[in-house]
Amino acid sequence: RPSRHGGAGARGARPLRQGVTIFDTIILAPETAIRLGAFGGGFTLFTLWEAVMPRRARVLPRLMRWRTNLLLIALNTGLGRLLAGAAPVAAAALAHANGIGLFNMVAAPAWLAFALSVLALDLVIYAQHVAFHLTPALWRFHFVHHADRDIDVTTGLRFHPGEIVISLAIKSVAAVLLGAPVAAVVAFEVILNLTAMFNHSNIALPSWLDRGLRLFLVTPDMHRVHHSIHRDETDSNYGFNLSLWDRAFGTYIPQPRDGHLAMTIGLPDLQSEAPARLLWILRAPFARPAGNA
């Protein structure tokens, strides 16, 4: 039977069961284990790296921030599984089974559908990030991420539950419209999680390595600019994975005007301990006036 990923001649696309290829199944079956394993490994690696090669001195005690950020991460993980499960993954499987979406209707080799889907989803996340900054109603939730006064591996996963739910919906719609292979969606979620932890990490990379990496990837120094208190810098460097989107759309700022060691992280009117408290974070979107930083 021809695969919806590219007809009978698409290499690597022989269906194991309706809507799921062998390639998809290799990743789909242990999807939760893969994602949790990647998170655990990445978190451990970047935490140790920060301890050995820190880029900046901390403003607030680690225990105060980490207790709150880790509780928020646990809450978001549980909420995501309870309300939507692996929503983008499930949406991709449903679309594939029903022949919905670009790559389920257009003949393409499985490897090409996979690669283009990952690339397109990365662009969607870039656009989503811009929208969360420019749309007052969305900024109400996203500013919680920016209110962290230090930036480290936990900041990369510090988001209000409302933003998590909105993001799940956006990624699910994108997966359906693309007809993205299930394997591509799982791979993208893992990549997004790992790169978010990496580029928020408080790690010091040699300048030559940073220059080379940021030609393709978002590095910690590149993304740190995005967490500056200066509005023009906050509204720049939106990418989480590939750096090409910021360069292509004119939102790239190479370095913070105050320098990486002297720059102030967070929001101008929230330079207190309040953003390090969980209850403050949960209530903040409903207590703060709608508007950008």
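**Entry 1**

I started with Asp235, which counts as buried because its relative accessible area is 18%, and the cut-off for buried is under 20%. I note here that I am working from a predicted model. The side chain of Asp235 meets that of Arg231 in a salt bridge, at 2.5 Å from N to O. Arg231 counts as partly exposed, at 42% relative accessibility.

Next I looked up Asn237, in the loop between H12 and H13. Its phi is near 50°, a positive value in a residue other than glycine. Asn237 is buried, with a relative accessible area of 1%.

**Entry 1: salt bridges**

I picked out Arg58 and Asp152, whose side chains meet at 2.9 Å, N to O. This pair links distant parts of the chain, 94 residues apart: Arg58 sits in the loop between H2 and helix H3 (62–83), and Asp152 in the loop between H7 and helix H8 (161–178).

Then I turned to Lys171, which forms a salt bridge with Glu189, the closest N and O atoms being 2.9 Å apart. Lys171 is buried, with a relative accessible area of 10%, and Glu189 is buried at 6%.

**Entry 2: helix H9**

H9 runs over residues 182–200, and at 1.5 Å a residue its 19 residues should span 27 Å. I checked the end C-alpha atoms and they are 27 Å apart, which agrees. How many of the residues of H9 are buried? I noted 16 of 19, so I call this helix mostly covered.

**Entry 3: aromatic pairs**

I searched the whole structure for aromatic pairs and got 9. In one of them, Trp49 and Phe198, the ring centres are 6.3 Å apart and the planes stand at 40°, so I logged the pair as tilted. It links distant parts of the chain, with Trp49 in helix H2 (residues 31–52) and Phe198 in helix H9, 149 residues apart. Trp49 is partly exposed, with a relative accessible area of 26%, whereas Phe198 is buried at 13%.

I also looked up Tyr126 and Tyr238, an edge-to-face pair with 6.1 Å centre to centre and 85° between the planes. Where do the two tyrosines sit? Tyr126 is in helix H6 and Tyr238 in the loop between helix H12 (231–234) and helix H13 (244–248), 112 residues apart. Tyr126 is buried, with a relative accessible area of 6%, and Tyr238 counts as buried at 3%.

I found one aromatic cluster formed by Phe39, Phe43 and Trp66. Arg62 lies over the face of Trp66, at 5.1 Å from the ring centre. Arg247 likewise lies over a ring face, that of Tyr252, at 4.4 Å from the ring centre.

**Entry 4: a nonpolar patch**

On the surface I came across a nonpolar patch formed by Leu102, Met105 and Val106, with about 290 Å² of accessible area together. Val106 is in the loop between helix H5 (102–105) and helix H6 (110–134). At 41% relative accessibility, Val106 counts as partly exposed.

**Entry 5: C-alpha distances**

I finished with two pairs of residues. Ala137 and Pro285 are 148 residues apart in sequence, and I read 9.0 Å between their C-alpha atoms. Ala137 belongs to helix H7 (residues 136–146) and is partly exposed, with a relative accessible area of 49%.

For Glu273 and Asp148, 125 residues apart along the chain, I read a C-alpha separation of 9.3 Å. Glu273 is in the loop between H13 and helix H14 (278–287), and is partly exposed at 39% relative accessible area.

Methods:
Residues numbered from 1 in each chain as written. Predicted model: local features only at pLDDT ≥ 70, side-chain atom pairs only at ≥ 80, totals over all residues. Heavy atoms only, no water. Helix = DSSP H or I, 4+ residues; strand = E, 2+ residues; numbered from the N terminus. Expected span 1.5 Å × (residues − 1). Buried < 20%, exposed > 50% of the residue type's maximum accessible area, 1.4 Å probe, protein only. Patch = residues over 30% accessible without salt bridge, like charges linked within 9 Å, V, L, I, M, F, W, Y side chains within 5 Å. Areas by Shrake-Rupley, 256 points an atom, 1.4 Å probe, with all protein chains shown as cover. Salt bridge = Lys/Arg side-chain N within 4 Å of Asp/Glu carboxyl O. Phe/Tyr/Trp six-rings, centres within 6.5 Å; stacked < 30°, edge-to-face > 60°. Lys NZ or Arg CZ within 6 Å of the ring centre and 35° of its normal.
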